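Here's a quick tour of one protein model. Have a look at the chain first, then we'll go through a couple of its helices.

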Amino acid sequence: MTNHGDDALSSRTGAPDGDDRLSEDRSLLQQRLAVRELIDTEVSYLHVLQLCASDIRSRLQQLPQGDLDVLFSNIDDIIKVNSRLLHDLQETASREEEQVQLIGNAFLEFQEELEQVYKVYCASYEQALLLVETYRKEPELQREIQGIIEAVLPQAGPSGLSFLLVIPLQRITKYPLLLQKILENTLPDASAYAVLQRATSALQDVVTNINEYKRRKEVASKYTKVEPLSLRERLARINTHTLSKKTTRLSQLLKQEAGLVPRTEDKEFDDLEERFHWVSLCVTELKSNVAAYLDNLEAFLRFRPQDYNLEIPEGPVVQYCYLARDLQLQAFPEFKQQLEAQVWQPLCSLAKALAGPQNLIKKRLDKLLDFERVEEKLLEVGSVTYEEEAARHTYQALNSLLVAELPQFNQLAMRWLGQILCTFVTLQRDLAKQVLQRAEDSLAQLPHHHLSEPAFRKLVEDALGQTSHQLRSFQENFEKVLPPPTTQPLLPGAERQVQALLSRYGPGKLYQVTSNISGAGTLDLTLPRGHIVALLQNKDTKGNSSRWLVDTGGHRGYVPAGKLEVYHVVPSEEELRGQERPHRDSQHQTPEPISAPVPSVPAVTQVVAMYPFMARSSHEVSLQAGQRVTVLEAQDKKGNPEWSLVENLEIEASQKSSCSRKTDYQGKFGCSSCWIIISKLLLWAQISCKTHRREKRFLMQTRSTGEQCWAITC
């Protein structure tokens, strides 16, 4: 009985030990299964990645290379990192007692590498999905892609590319779950527990950082897009919400400028922004210089003196023509092609790459103003709206992204810029070497090849100086012998207009239009070829000497100075015969003592005022009834025929010695003063104006000669 009781007591006291041992065995089994799941799924995952990188990517030849780079992104880098990770995980199998601890150490070691490679892949994932959507809109292309994927990976199913693209994202998010499962089946007092705990937390941080990076990239991609919007599209985007935001930002900026609120200082970002602007300035200047270099090179290639017949049968000219033709056809075109491909195109790509960060920096300033306003409200009120909280997160995302990536971008841009400059210098060096190699044979046949470089340079300078002196002498001699003046034929009916311009401005102001002129502006004139104009001013109101102000006899406006030439007045045949008749008849009769007529200037018109007129300003002249005046212009500057420019003829005897001086005044012409105009007469007449009627013409005879002429009365 005693033994039986002892056995029962022993069984009762030993039961807990058996349960604990069973629980430990069960946990150990679950732990080993979790480790096996981790390693087996890693092998399967890596196998799928290798199939994507090798078989599937190589078979999708119908897609552009740019699309393949987006779809598969940095899958090669992921394969490298995960291959090393898998190797370390498989190595732990030989050390079963320390396997769990070694697995935790392996993930801690690969934490940073996993985060870097998966960041890049996740950042391009959204763009890859957009490409997949575009492929679905082309049924034939979609069937080809689906057939290739199903042939390599049947388990992909109808999802196709979408199934492949999401695999890396699923894998990086599954690592913390797999480690957590191993951790749950590890005793807390085990040495591997702390390592596994740190590894699980580290992989959770990796996933969090990748998600945050992906969110920042999405925000950045939203603001880096530079859309070429028209004015109408920009106005269409303006609404009450945008106006409110811009007004609030402007108010915040004005308060900062006035010192009412503090400005957020970020020395780290300011330094990065300054360096970025210096890089951007360097790229812009270099692009401008290379563009000018290419333009000059193009102009140089168009100039081909060797193709012209220089009429020199032999000597150094033949060698020069042969060498220049060889370089023009091969060396220089190759240099230009390489310059455009290896310098100009990369430089344009670099300048285009700067547009995104420039816009992002500009948006950061706007979001900073929003952030500062929200922070002020948070301090005053203690709470903000959902939209304001989103604005805070947007600024923080932009600022964090710029601070993290601007240093890398600046460094990469400087390296890119330096490589472009090195390529540019190398191409020029190779061109010089190629030219010298091609010129060796030709240089050996030149008569001065034995001279040293200083002596040859002196010889060239002397020859150029002598040639330039000969050219200057030729130019001076050529300018002394001017070509005879050429006169364009006058337009039909233009003789009267020429006579009017001659009487008003004289022959020195007359110009003729050499080609048709089409006026584009409101003050520009449209004139046909051969039209005669008078020059009023040899520049416009802005001082531009290429546009002249002219008078056509009826209109005034601007015409191009390059389409005008001096008009040389040629006397008519009647005037020439009138000048020659006195010489032929000098033996038979004596001519009347009158002055020879000037063929280019018509006679002036003298009239008598019928009614008095009192001047009202300094630009008008007072007249008495019966006073004689000379009409210089029959209308005012605006073409109004009711006013005329006259010269007072009746002056006092004390002033007759200076009667040749002319004063420009305007006298009344019309119904208040009745005028009679008789052309080429010395006879004066007065006709009363009894009624105000339209002007009429009548034929009258002069008392002195009996000659008939036309007169005009009101």
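In which hand does α5 cross α8?

## Two helices crossing

The crossing is left-handed, meaning that the near helix is turned anticlockwise from the far one by less than a right angle. The axes of α5 (residues 111-123) and α8 (residues 161-184) come within 11 Å and cross at roughly 145 degrees; axes here are lines fitted to C-alpha atoms over the stretch in contact, with angles from 0 to 180 degrees between N-to-C directions.

On the α5 side, L114, Y118, Y121 and C122 make the contact (heavy atoms within 4.5 Å). From α8 come L164, L165, P168, L169 and I172. Sort these residues and you get nine nonpolar, no polar and no charged, with Leu, Ile, Tyr, Cys and Pro among the types counted as nonpolar.

Just past α16, G506 has a positive phi of about 90 degrees.

## The whole protein

In total there are 17 helices and 12 strands, taken as DSSP runs (H or I, at least four residues; E, at least two) numbered from the N terminus. Of the 714 residues, 32% are buried.

## About the model

This is a predicted model, with residues numbered from 1 along each chain as its sequence is written. Local features need pLDDT of at least 70 and side-chain atom pairs 80 or more, while totals for chains, interfaces and linings use all residues, and side-chain values use heavy atoms, leaving out hydrogens and water.

Conventions:
Buried < 20%, exposed > 50% of the residue type's maximum accessible area, 1.4 Å probe, protein only.
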